[in-house]
Amino acid sequence: MAEEQRAENAEPGEVQGTAETTPAPRKNGVAPQVSDELAENMKHGWADTERQDLDPVPQAEHTARRRAALSARFPGERLVIPAGRLKTRSNDTEYPFRASVEYAYLTGDQTENGVLVLEPAGERGHDATLYLLPRSDRENGEFWLSGQGELWVGRRNSLTEAARLYGVPVKDVRTVPDVLREATGPVRVVRAHDAEVEKALADKVTAERDEELRVFLSEARLVKDAFEIAELTRACESTARGFEDVVRVLDRAEATSERYIEGTFFLRARVEGNDVGYGSICAAGPHATTLHWVRNDGPVRSGDLLLLDAGVETTELYTADVTRTLPVNGRFTDLQRKIYDAVYEAQEAGLAAVVPGAKFRDFHQAAQRVLTEKLVEWGLLEGPVERVLELGLQRRWTLHGTGHMLGMDVHDCAAARRESYVDGTLEPGMCLTVEPGLYFQPDDLTVPEEYRGIGVRIEDDVLVTEDGHRNLSDALPRRSYEVEAWMADLRG
Ligand SMILES: [Mn+2]
């Protein structure tokens, strides 16, 4: 019944384009009728809950500085950064909302349909305005008759409350299409988040100029500020607890499936953070050789390895990205240990290359060299090592790059230019993963049978510091014998 009424009144994901929000009168009689007496009754008797005691959110000083950097890069131009809208999952249900990274980074807010606009303001640079949906109107019945009414979706901040929280003037988002349509002068928008906003700007923007805005915001996040570093540290700490949770219930996973592991980690992510930062890879046995195994519907067997690649995303949307490869029964076989220790050695070489001033590629090359030496030593590849590296022949089993930037996106800063990221230089404040691996596909006839179906990856999240790096995920052991001792400890 509740759902029926909602379906009748709701426009999921839609905010009306005008200030007139009176719900459309019902005509078909399917939904419950609202008598004039009830409509009148619902207008009255509600307390004023406006909050006067709000302090700015902790990152407000940081978002102000981030907006100032953006302002300096695009003087005299109007900049439009939408949060995005709810996405339909099926019929009238939606996916959990996650604000666009650009919007959350510049505002600290995460509300659907929000839009940040930086208006050129001469000498001052820009004036920022945040556009948000206000509290529901009680007078016209919106709060209980509209699908976005607060009675259905929960109380929102009033515009005054939001202004206090985020340190930016706030206006009604329903005026945004008109504001943007009437705007004159150069405009840029971050695309792919809000079709309504883009429609209003259609004849004012170009793809090329908008891309420059996106690239700038991606590169701005290459070096993390103090707030971001604290968030990434928290994400790693929660993630370590999630891995411990998994180890404690491995026997229950054996009785069910990889799903038990996924669900166990997810519980930690939802309780301590916002969500997982990406689909958890819970890959037991040969599934570990599938790089993005997220079906997680396979068996968990004693004697196999479990490759768990998972990260908690904090409430402020910063994610960890950590992998451990664990023997399900708590002990590596000799061959599993040989392969695991090789990956560990490669990771050590990679970590040692994460220092300020090093090229981003250096840690990848250091790890690849170690893995290649092992593959030659084991007789899987014919040397010399230099020739193998030159031809990239080791990549049949190393498969992927050794790391990437980490932040609000698990593969953060993806729009950055090559020269500032892939071909760039490491600087203090950058946060990245170091994650070498070796994967022997179950159907790979070029390796001895006993190798087939073994996949190992070890992944840590590392902050570049003034004099080297700090491993943010080092609460979790990495050496094979330390992993065994840690598992034994947790399983009692
Ligand atoms: Mn990763």
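Predicted model: local features only at pLDDT ≥ 70, side-chain atom pairs only at ≥ 80, totals over all residues.
Local features need pLDDT of at least 70 and side-chain atom pairs count only at pLDDT 80 or more, while totals for chains, interfaces and linings use all residues. Numbering runs from 1 along each chain as its sequence is written, and side-chain values use heavy atoms, with hydrogens and water left out.

**Nonpolar cores**
- The largest nonpolar core has 92 residues, and L70, I261, I339, W378, L438 and F440 touch the most other members. A core here is a set of buried Ala, Val, Leu, Ile, Met, Phe, Trp, Tyr and Cys residues joined through side-chain atoms within 4.5 Å, with buried meaning under 20% relative accessible area (1.4 Å probe, protein chains only).
- Helix α11 (residues 226–248) gives this core its largest share, 9 residues; helices are DSSP runs of H or I, at least four residues, numbered from the N terminus.
- There's also a second, separate core of 17 residues, with L351, F363, Y421 and L432 among them.

**Cavity**
- The lining of the largest cavity includes Q59, R66, Y105, F227, E316 and M408; lining residues have an atom within 4 Å of a point on a 1 Å grid over the protein atoms alone, where a 1.4 Å probe fits but cannot get out.
- Both α3 (60–73) and α4 (101–107) supply at least two residues of that lining.

**N140**
- You'll find N140 in the loop between β5 (126–132) and α5 (142–145); strands are DSSP runs of E, at least two residues.
- A polar atom of the N140 side chain lies 2.8 Å from the backbone nitrogen of E142.

Terms used. Polar contact = N/O pair within 3.5 Å; in protein donor to acceptor, adjacent residues only side chain to side chain. 1 Å grid on protein atoms, 1.4 Å probe; cavity = no way out; pocket = protein on both sides within 12 Å on 5 of 7 lines; lining within 4 Å. Buried < 20%, exposed > 50% of the residue type's maximum accessible area, 1.4 Å probe, protein only.
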